[in-house]
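This briefing covers the surroundings of a ligand and the packing of several helices. The structure is shown first, and the points are then grouped by topic.

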Amino acid sequence: MRLEIAVLGGDGIGPEVVAQSLKCLRSVEETFGHSFKFKKALIGAEAIDKKGTPLPEDTLKLCKNSDAILFGAIGMPKYDGNPDSKIWPEQGLLRLRKELDLFANIRPVKVFPALIKQSPLNKKLIKHTDLVIYRELSGGIYYGNKSMDSGTNIATDTCSYSEDEISRITHLAFKAAKNRRKKVTLVDKANVLETSRLWRRVVRSIAKSYPEIELETLFIDNAAVQMILNPSQFDVILTDNMFGDILSDQGSVLAGSIGLLPSASVGTEHAMFEPIHGSYPDAKDKNIANPVAAILSAGMLLQHFKLNEEADALVAAVLKSFSKKIVTPDIMGSSKYGTNYVGDFIADNIMELDDNFNMNDENIDLGKSTII
Ligand code: IPM
Ligand code: MN
């Protein structure tokens, strides 16, 4: 398959973790005979510094003309820590999501058996965690009218949702549940918010056309507690933009590190793949950032194009790095391995899986396909 992929490393550790995804995709390209063309472009703080805007027009154009986008991370304290700043790196990512109509952000959360010891949480409770968050990504409070009146010191953010915006992601979540454990949990705040009440009405009505799927509703405050107390009760979590942002970071604690979780942001015409973590500026260029979330995001890109064997091979290489303890220090404090070494190890271990591939505890997930 020939794919043109826009590569937006972004800020902080973004470029170095994305460099590891590229190594892995090169290895997939060689092993399976594909042709991937990568084109880099600026976004975020670096784009502000060099071009005066967090999303330069040539970056947007490149993304629109590519088959997919690999994204690193965004954010720099000199901009986002400063309430007087008029321009933020994050605006680049938010505008890109909107322009490409990436309305669904898919964030799988799995506990890897080899890493379970690293989690600060009760091992028995988190052991069977295998959930996926469907986060609405192009609406809600992130995009509603905003105002800041420095005279009165009153600021406003508006949360608004239309039936269509709710309905399109709801269908994706229910379709995903069909291939999983057939349960959707709608997370909202319908005891307080009108938008949540609309979500409930729309989702309940759509649920009728998926009779095989069980629909459950939970308030966000309770969902946050349930996710830590009993995460294996969840299969597909469907939620709005901001609740999904918060819950998915919380989900990373289950997996053992925020450096492990990938995501796919999809619309009807475009798709972008990004780790859920931020830019972690303190770790920039220190060769300590965990590249696994970015590498698994490249795996989700492969799955998106139905390159499932390739995605399985990538995940198998990641699992091998876990079982051989070739991990960065966020996973094991005593580890001497850096971003580059872990990336090289995973890329070098991407190979065609034969039929005798050992379905042991570590690899068992591969039997039902990879990341999602
Ligand atoms: C994420 C990030 C972004 C978000 C930020 C960087 C704007 O936290 O992708 O989860 O809030 O969506
Ligand atoms: Mn986030």
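A polar contact is a pair of N or O atoms within 3.5 Å. The model discussed here is predicted. In this model, a polar side-chain atom of Arg97 lies 2.7 Å from an oxygen atom of ligand 1, which means that the pair falls within the 3.5 Å cut-off for a polar contact.

**Ligand 1**

- The residues around ligand 1 are Ile74, Glu90, Arg97, Arg107, Arg135, Tyr142 and Asp245.
- Arg107 places a polar side-chain atom 2.9 Å from an oxygen atom of ligand 1.
- For Asp245, the distance between a polar side-chain atom and an oxygen atom of ligand 1 is 2.9 Å.

**Helices H1 and H11**

- Helix H1 spans residues 14-32 and helix H11 spans residues 292-304; their axes come within 8 Å and cross at roughly 45°.
- The crossing in which H1 passes H11 is right-handed.
- On the H1 side, the contact is formed by Val17, Val18, Gln20, Ser21, Cys24, Leu25 and Val28, and on the H11 side by Ala294, Ile295, Ala298 and Leu302.
- Sorted by class, this contact of H1 with H11 comprises 9 nonpolar and 2 polar residues, with no charged residues.

**Helices H11 and H12**

- H11 also packs with helix H12 (residues 308-323), at an angle of about 160° and with the axes 7 Å apart.
- Because angles over 145 degrees count as roughly antiparallel, H11 and H12 are described as roughly antiparallel to each other.
- H11 passes H12 with a left-handed crossing.
- H11 contributes Val292, Ile295, Leu296, Gly299, Leu302 and Gln303 to the contact, while H12 contributes Asn308, Glu310, Ala311, Leu314, Val315, Val318 and Phe322.
- The class count for H11 with H12 is 9 nonpolar, 3 polar and 1 charged.
- Ile295 and Leu302 of H11 take part in the contact with H1 and also in the contact with H12.

**Helices H9 and H10**

- Helix H9 (residues 220-229) packs with helix H10 (residues 241-255) at an angle of about 15°, and their axes are 10 Å apart.
- Angles under 35 degrees count as roughly parallel, so H9 and H10 are roughly parallel to each other.
- H9 and H10 cross in a right-handed sense.
- From H9, Ile220, Ala224, Met227 and Ile228 meet Phe243, Leu247, Gln250, Gly251 and Leu254 of H10.
- This contact of H9 with H10 has 7 nonpolar and 2 polar residues by class, and no charged residues.

Conventions. Residues are numbered from 1 along each chain as its sequence is written. Chains are lettered from A and ligands numbered from 1 in the order in which they are written. This is a predicted model: local features need pLDDT of at least 70, side-chain atom pairs count only at pLDDT 80 or more; totals for chains, interfaces and linings use all residues. Side-chain values use heavy atoms; hydrogens and water are left out. Axes are lines fitted to C-alpha atoms, for helices over the stretch in contact, and angles run from 0 to 180 degrees between N-to-C directions. Helices (H or I, at least four residues) and strands (E, at least two) are DSSP runs, numbered from the N terminus. A crossing is left-handed if the near helix is turned anticlockwise from the far one by less than a right angle, and right-handed if clockwise. Contact means heavy atoms within 4.5 Å. Ala, Val, Leu, Ile, Met, Phe, Trp, Tyr, Cys and Pro count as nonpolar, Asp, Glu, Lys and Arg as charged, and the others, Gly among them, as polar. A residue is near a molecule or strand if one of its heavy atoms lies within 4 Å of it. A polar contact is a pair of N or O atoms within 3.5 Å; within protein, one must be able to donate a hydrogen and the other to accept it, and residues adjacent in sequence count only if both atoms are side-chain atoms. Angles under 35 degrees count as roughly parallel, over 145 as roughly antiparallel, 65 to 115 as roughly perpendicular and the rest as oblique.
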